[in-house]
Amino acid sequence: MLEKLFKLKEHNTNLKQEAIAGLTTFLTMAYIIFVNPMMLADAGMDHGAVFVATCLAAAVGCLVMGLLANYPIALAPGMGLNAFFTYTVVGEMGYSWETALGAVFMSGVCFLILSLVKIREWIVNSIPMSLRFGIAAGIGLFLALIGLKSAGIVVASPATLVTMGDITSFPAIMAALGFFLIIAMVQRGLKAAVIFSILIVTVLGLLFGDVQYNGLVSLPPSIAPTFMKMDLSSVLEVSMLSVIFAFLFVDLFDTSGTLVAVAQRGGLLDEKGRLPRVKRALTADSVATIAGAALGTSTTTSYIESTAGVSAGGRTGLTAVIVGLLFIAALFISPLAGMVPAYATAGTLFYVAILMMSGLVNVEWEDLTEAAPVVVTCLLMPLTFSIANAIGLGFISYAVIKLLTGRFKDLNSGILVVAALFMVKFAYS
Ligand SMILES: Nc1ncnc2[nH]cnc12
């Protein structure tokens with residue numbers, strides 16, 4: 001049956017190889033079951049319910065991806081997208097988390113429709129490559145700032161906006177230790193580096209009396225506080241359109257970049273560099289976002305960490321299905337998830353920042369008309385504490401700079417439309 005479902009022989013793989021790949025990918029991305037509830041709790045959501053929603057949304061995404069698209073690509077609520085949900089939509093714009101969930105749900109529905117028609121490809125293809133790298137790097141910087149703030153390493157200052165906090169405090173030292181552990185373990189080839197680091201720092205917190213022991217395993221907590229709590233009534237208001245658009249927009253780039261990166265690593269692209277079952281992969285991605293919003297989490301997306309499993313030999317959807325089953329098993333470790341302190345995950349955020357910034361090497365730095373919008377996008381993301389605003393400013397600067405330098409051939413209708421839309425948004429909000 002497995003052979004029929006996943007065509008293992010045709011992909012030159014077997015159950016054992018796929019199982020090892022699935023476990024590898026799971027271990028590299030399992031940090032999200034600790035980080036996501038902590039981040040969304042900042043938006044006022046129930047920690048236990050978000051923990052369950054995170055595991056279930058990831059499981060749904062992985063199972064649909066594996067069974068429908070037969071790709072070794074795992075999904076879970078995305079970093080960056082969760083920060084956008086908490087700190088921009090709820091924190092800065094002042095929407096309730098229920099309304100923000102409604103916007104995530106609608107963005108999932110739009111994404112599904114766009115995936116079934118050709119518009120999605122048109123939008124994605126019209127985004128300049130350099131801006132894609134700038135957006136990814138900016139999200140990395142944004143996550144790094146959140147980690148540094150939660151560990152008290154960077155604090156507010158009335159004179160200089162930000163300044164260094166007390167780096168000899170226990171949380172700061174633990175965060176730094178967690179970060180160094182990840183780097184050392186990853187460099188030494190340990191696949192579970194991130195999860196090990198989170199666990200080691202949590203145990204140290206316990207030993208130093210900073211964390212209270214709540215047990216390790218139990219039945220999952222109730223999902224009732226977030227299940228089907230999304231508010232779809234205010235989603236049709238005009239002001240919400242920009243929020244839905246922002247979720248859609250960020251997810252669009254995130255997913256496209258991730259799918260191509262994972263597929264390249266796994267040799268899954270056809271001779272023209274296309275992903276053969278891209279429509280099914282995108283469908284799985286949007287179905288997971290819709291299910292995730294109904295369960296109670298921010299946007300669920302394809303994970304770049306899937307490259308770890310692909311490097312370990314994962315070639316088919318069986319890898320993704322195994323990751324999905326492991327996320328269901330993870331439902332039973334909620335006491336452990338509740339114990340993990342913020343400083344234990346701060347190093348993880350900084351590590352993800354490194355991964356996301358690495359694409360900057362591909363920017364044409366000698367060409368100022370390409371480099372300038374990249375720096376605008378990625379630097380303004382942490383400095384304005386907003387992913388969507390920085391993307392908007394990046395598009396506007398790209399269009400203006402290309403127009404002023406007469407580089408019209410680098411522009412297309414997609415860039416001009418998006419830049420104009422953001423100009424209107426900034427002028428009227
Ligand atoms: N937003 C995201 N996109 C791709 N991979 C991720 N891994 C963690 N967050 C991610």
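**Helices α9 and α16**

Helix α9 (residues 170-187) and helix α16 (residues 342-357) have axes that come within 7 Å and cross at roughly 45°, where the axes are lines fitted to C-alpha atoms over the stretch in contact, with angles from 0 to 180 degrees between N-to-C directions, and where helices are DSSP runs of H or I of at least four residues, numbered from the N terminus. That angle makes α9 oblique to α16, since angles under 35 degrees count as roughly parallel, over 145 as roughly antiparallel, 65 to 115 as roughly perpendicular and the rest as oblique.

This is a predicted model, in which local features need pLDDT of at least 70 and side-chain atom pairs count only at pLDDT 80 or more. Residues are numbered from 1 along each chain as its sequence is written, and side-chain values use heavy atoms, with hydrogens and water left out.

**Helices α3 and α16**

Helix α3 (residues 32-41) packs with α16 at an angle of about 110°, the two axes being 10 Å apart, and the pair is therefore roughly perpendicular. In this contact (heavy atoms within 4.5 Å), F34, V35 and M38 of α3 meet A342, T345 and L349 of α16.

**Around the ligand**

Polar contacts are pairs of N or O atoms within 3.5 Å: a backbone N or O atom of M79 lies 2.8 Å from a nitrogen atom of the ligand, and a backbone N or O atom of I304 lies 2.9 Å from a ligand nitrogen atom. An N or O atom in the side chain of E305 is 2.8 Å from a nitrogen atom of the ligand.

Conventions
Helix = DSSP H or I, 4+ residues; strand = E, 2+ residues; numbered from the N terminus. Polar contact = N/O pair within 3.5 Å; in protein donor to acceptor, adjacent residues only side chain to side chain.
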